[in-house]
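Keep the sequence and the coordinates open while reading.

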Amino acid sequence: MQIQQFGSTAEHLSFAETVAAFARRHAPLSAVRGGRTPRFWDALVEQGLAALHLPEEYGGAGGGILDLAVALEAAGRALLPGPYLPTVLTGALLARHGDEAELLPRLAAGESAAIAFAPDLRAHRTDGGWRINGSVEPVLGAGEAAILVLGATDGTSEVWFAAEHGAVVEPLPAVDLARGVARVRVDGLVVPDSRVLSGLGLERVRTLAAVLASAEAVGAAAWCFETALEYIKIREQFGRPVGSFQAVQHKAATLFTRLQVATAAAWDAARAADETHPDAEQQLRLAAATAAIGCPPAAREIALECLTLLGGIGYTWDHDLHFYWRRALSLAQLIGPPQEWARRLGHAALAGEVRRFDIDLGQGVAGFRAGVAADLTAAADLAEPERRRFLADRGYVAPHYPEPYGMGADPAEQLVVREEFARAGLTQPSTVIGEFALPTIIAHGTDEQRDRFVAATLRGDIVWCQLFSEPGAGSDLASLATRAERVPDGWRISGQKVWNSKAEEAHFGICLARTDPAAPKHEGITYFIVDMGEQGIEVRPIKQANGKSEFNEVFLDGVFVPDANVLGAEGQGWTLARTTLTHERVMIASGPAMTGLTTLLEEVRGPVDATTAERIGVLTAESWALQALLLRSTLRQLSGLEPGAASSVLKLAATEHQRAVTTIRLERLGTGGAVDGGAVTSYLSLPAMLIGGGTREIQLNVVAERILRLPRA
């Protein structure tokens with residue numbers, strides 16, 4: 001079962017399968033396990049895989065780094081042996097930063113190559129060139145390379161050059177059993193200025209190495225996860241599959257979440273490598289650091305945790321997983337310590353550098369954009385509440401809703417609306433709890449209910465609250481005790497609800513109540529629209545640990561609800577509630593949890609020590625990886641693909657990220673944290689995010705059961 005996909009377009013997914021099929025056919029892992037290297041290189045060159053990213057004028061296919069990363073992710077899944085990664089990395093660097101009319105055609109024709117990841121050799125200036133001495137290790141793929149690109153320094157200047165003769169290559173015992181590393185020695189090698197690759201430098205080498213290594217690493221991690229997932233579905237202990245045990249399910253869901261985020265970071269780094277705007281190099285540097293922090297190290301640990309899911313069999317030499325574990329380990333070590341990347345990224349973030357997540361929607365939406373811009377210009381001249389009504393009547397409050405409530409906007413048009421609101425300096429209105437209620441009413445309500453509630457809510461005339469949770473039925477909503485009894489022309493509801501935002505000002509509440517006590521707990525529940533002005537309703541504010549009262553408890557004592565306010569069929573409330581809760585997860589994941597880093601960066605002033613820079617770098621990488629996950633999901637929708645598991649994954653990952661950001665803000669206060677306010681209040685407000693929409697444990701259950709399809713206990 002393949003559940004993790006790197007690309008965001010149908011073309012990329014098809015190409016990845018082509019690469020995977022090639023690897024299965026020409027370079028099976030069984031050959032590597034048998035101690036022999038498959039003879040597949042000529043076939044790989046014939047397929048164009050060695051030159052897909054090289055310029056057409058040199059014999060390449062003219063593809064981008066993202067195309068190459070798709071191939072590398074598939075190669076990582078297959079544990080493709082040999083020099084593919086070092087060869088394509090060398091070619092990519094020469095194509096981007098070197099004017100090598102001689103070397104690129106040779107690479108396109110199938111010669112293999114390797115490149116040192118650091119200028120560890122010593123250089124001395126001579127007439128018309130340089131004399132190079134010393135050794136560098138480990139160099140990935142050097143033992144098979146026809147072309148070696150090496151770096152040296154004279155203490156101030158870097159010298160990068162191609163060495164085809166005069167270098168001694170000494171194989172070293174490699175961690176990766178499917179790919180060699182070597183020590184390269186040169187003694188008095190003379191390199192004329194004409195053979196110096198002037199466009200290369202340590203920064204550029206390390207940056208692109210991190211991008212491509214990250215793509216291969218997440219491919220290897222994906223294989224490990226998919227293998228472990230299939231195993232825990234069939235491996236039995238105590239008479240049932242181990243995948244039915246909650247501890248195992250939570251571990252699998254956690255690994256899946258980490259893999260999704262890492263894959264998004266690797267994808268974004270490859271995407272950044274193809275950008276061509278004026279600050280493209282800066283954006284690539286930021287995205288590559290994000291990938292270096294979050295991809296190879298994560299792949300290494302995912303592989304290890306998957307091994308433990310397999311149990312003892314996974315630790316034996318006979319199982320293939322250790323080959324993948326070794327590859328992830330090797331890649332993580334080769335690109336350098338994540339702490340170093342984190343410090344660099346932390347300093348960049350503190351200096352105000354920001355990774356952008358723009359989408360080029362092309363000219364196909366130009367007409368739509370012009371119309372939106374004109375409407376928002378007109379809206380800007382209006383005062384509230386006229387502006388809100390103007391926007392609502394034209395579909396701008398919820399453009400994805402069908403007409404006449406929204407615009408029926410597709411993902412591209414929704415992005416245009418969001419961009420144009422930002423460009424106009426306007427805030428797109430929100431219906432708050434209505435974001436949960438209205439999709440359910442539109443999908444399951446009657447025409448009369450849609451006419452009564454949707455447009456008025458969009459205009460701001462109706463405020464909603466949600467009456468779901470109860471003291472004895474929080475995450476387990478199906479255990480609710482609130483009862484609704486049949487009376488003439490309607491129902492009378494009695495019970496207690498809790499954690500109700502906006503209940504003190506709401507006009508209506510969406511409410512779940514049990515209408516058939518004898519039915520199984522997920523049945524016999526009906527979905528009601530409760531008029532909060534009815535007799536029998538008491539709203540009591542709940543004072544929280546942060547000193548605020550942002551939630552309420554609501555007591556319902558024989559509250560009358562007419563039949564006209566029953567949403568959907570009697571007894572089908574649980575089905576409708578899932579629609580509501582899905583929208584809640586998306587909103588929480590893409591809202592405040594993504595903005596905490598900005599506050600932290602604003603609070604940090606002046607020079608910081610290495611530890612602080614490193615912590616901020618890690619949090620920056622997390623934040624940008626989550627934004628990349630959102631963008632990738634959006635682009636998949638734009639391409640006509642399913643968006644994937646982004647909503648549940650974002651809820652899990654974003655809340656943990658926000659917790660980490662808020663904690664470091666608190667810790668930076670020192671003794672000042674004993675005085676209430678500011679960052680202390682933010683920390684004391686964390687439970688609202690950690691609990692809202694389902695706790696981490698509930699979200700892990702959702703991922704395990706609905707996405708990973710693990711067996712129930």
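Helices are DSSP runs of H or I with at least four residues, numbered from the N terminus. By that numbering, P385 sits in the loop between α13 and α14. The model is predicted.

**Helix α13**
- Helix α13 covers residues 366-380, 15 residues in total. Its first and last C-alpha atoms are 21 Å apart, close to the 21 Å expected at 1.5 Å a residue.
- V372, L376 and A379 of α13 are buried. They span an arc of only 50° around the axis, so they lie on the same side of α13.
- G367 and T377 are exposed, on the other side of α13.
- The cover over the buried residues of α13 includes α14 (386-393) and α15 (411-424).

**Helix α1**
- Helix α1 runs over residues 10-26 and has 17 residues. It reaches 24 Å from first C-alpha to last, close to the expected 24 Å.
- Its buried residues include H12, L13, A16 and V19, along with A20, F22 and A23.
- Among the elements covering them are α3 (41-46), α4 (65-78) and α20 (610-638).

**Cis peptide bonds**
- Most peptide bonds are trans.
- E384 and P385 are joined by a cis bond, with omega about 0°.
- Another cis bond joins E137 and P138, with omega about -15°. P138 belongs to strand β3 (residues 129-140).

**Positive phi**
- Most residues other than glycine have a negative phi.
- V432 is not a glycine, yet its phi is about 55°. It lies in the loop between α15 and α16 (434-444). Its relative accessibility is 33%, so V432 counts as partly exposed.
- W499, also not a glycine, has a phi of about 65°. Its place is the loop between β12 (490-498) and β13 (508-514).

How values were computed:
Residues are numbered from 1 along each chain as its sequence is written. This is a predicted model: local features need pLDDT of at least 70, side-chain atom pairs count only at pLDDT 80 or more; totals for chains, interfaces and linings use all residues. Side-chain values use heavy atoms; hydrogens and water are left out. Helices (H or I, at least four residues) and strands (E, at least two) are DSSP runs, numbered from the N terminus. The expected span of a helix is 1.5 Å times one less than its number of residues. Buried means under 20% relative accessible area, exposed over 50%, partly exposed in between (1.4 Å probe, protein chains only). The arc is that of the directions from the helix axis to the C-beta atoms. Contact means heavy atoms within 4.5 Å.
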